[in-house]
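Here is a note to read beside the model. It takes the points one by one, starting with a term that the later points rely on.

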Amino acid sequence: MALSSSTYRSSISSDGGNPSGSVVAVDDRKRKRMLSNRESARRSRMRKQKHVDDLTAQINQLSNDNRQILTSLTVTTQLYTKIQAENSILTAQMTELSTRLESLNEIVDLVTTTNGGVDQIDGCGFDDRTVGINCDGYYDDMMSGVNPWGGSVYSNQPIMANDMMNMY
């Protein structure tokens, strides 16, 4: 108010006493300044609203990304658990087969040392050159239900955990 009255006074002194033109100029400047301030405030509100909208969109995008990552993590954890279980089964099978192999090697060593160096398995004396020929001199068909180490293919063998899982 003080500014407008001083402007009014200065305009009166410069115009020689005609205040109406100066008052209109002051009011016009004041009105333009108010419009400029309103426009600036409107632009500021629009920028603020745009910023809030951008942040909301970013929150939604990050929430979706987070959900996808959690889903992927869950699937990966389930696959890891499954593979770990399979690995445990395979480790147990490897241990069992290693034990069987050691037992079979001990039996072969025992039979070899007992028979003076001649390999005899299941009562048939043969070495690597005569594999497949039975004690009577006839050729044994490997697919006939008798395995090359003697005995039936269907002999009693322990059922392992993996065999039980495949049954169902």
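This is a predicted model: local features need pLDDT of at least 70, side-chain atom pairs count only at pLDDT 80 or more; totals for chains, interfaces and linings use all residues.

1. A term to begin with. Helices here are DSSP runs of H or I with at least four residues, and they are numbered from the N terminus.

2. Overall layout. The protein contains three helices and two strands. Going along the sequence, these elements come in the order α-α-β-β-α. Helix α2 covers residues 20-114, and the residue-level points below keep returning to helix α2.

3. Burial and surface. How much of the protein is buried? Of its 168 residues, 5% are buried. The protein exposes about 14200 Å², and 59% of that area comes from carbon and sulfur atoms.

4. Contacts along the chain. Take the contacts between residues at least 6 apart in sequence. Of these, 29% connect residues that are at least 24 apart.

5. Salt bridges in general. Side chains with opposite charges can pair when their charged atoms come close. The structure has six salt bridges.

6. Arg100 and Glu96. The side chains of Arg100 and Glu96 form a salt bridge, with an N to O distance of 3.3 Å. How does their spacing in sequence relate to the helix? Arg100 and Glu96 are four residues apart in helix α2, so about one helical turn separates them. Neither is classed as buried: Arg100 is partly exposed at 28% relative accessibility, and Glu96 is partly exposed at 26%.

7. Asp28 and its partners. Asp28 takes part in a salt bridge with Arg31, where N and O are 2.7 Å apart. Asp28 also has a salt bridge with Lys32, and there the closest N and O atoms are 3.8 Å apart. Both pairs sit within helix α2: Asp28 and Arg31 are three residues apart, about one turn of the helix, while Asp28 and Lys32 are four residues apart, again about one turn.

8. Exposure of this group. Asp28, Arg31 and Lys32 belong to one network, joined by salt bridges that share partners.

9. A nonpolar patch. Which residues form a nonpolar patch on the surface? They are Val75, Leu79 and Ile83, which together have about 270 Å² of accessible area. Ile83 is located in helix α2. With a relative accessible area of 52%, Ile83 is exposed.

10. Thr76 and Ser72. Thr76 is another residue of helix α2. Its relative accessibility is 47%, so Thr76 counts as partly exposed. A polar atom in the side chain of Thr76 lies 2.8 Å from the backbone oxygen of Ser72. Look for the side chain of Thr76 and the backbone of Ser72 when checking this point in the structure.

Methods:
Residues are numbered from 1 along each chain as its sequence is written. Side-chain values use heavy atoms; hydrogens and water are left out. Buried means under 20% relative accessible area, exposed over 50%, partly exposed in between (1.4 Å probe, protein chains only). Contact means heavy atoms within 4.5 Å. Accessible areas come from the Shrake-Rupley method with a 1.4 Å probe; for residues, only the protein chains shown count as cover. A salt bridge is a side-chain nitrogen of Lys or Arg within 4 Å of a carboxyl oxygen of Asp or Glu. Patches are made of residues with over 30% relative accessible area and no salt bridge: like charges are joined within 9 Å, nonpolar side chains (Val, Leu, Ile, Met, Phe, Trp, Tyr) within 5 Å. A polar contact is a pair of N or O atoms within 3.5 Å; within protein, one must be able to donate a hydrogen and the other to accept it, and residues adjacent in sequence count only if both atoms are side-chain atoms.
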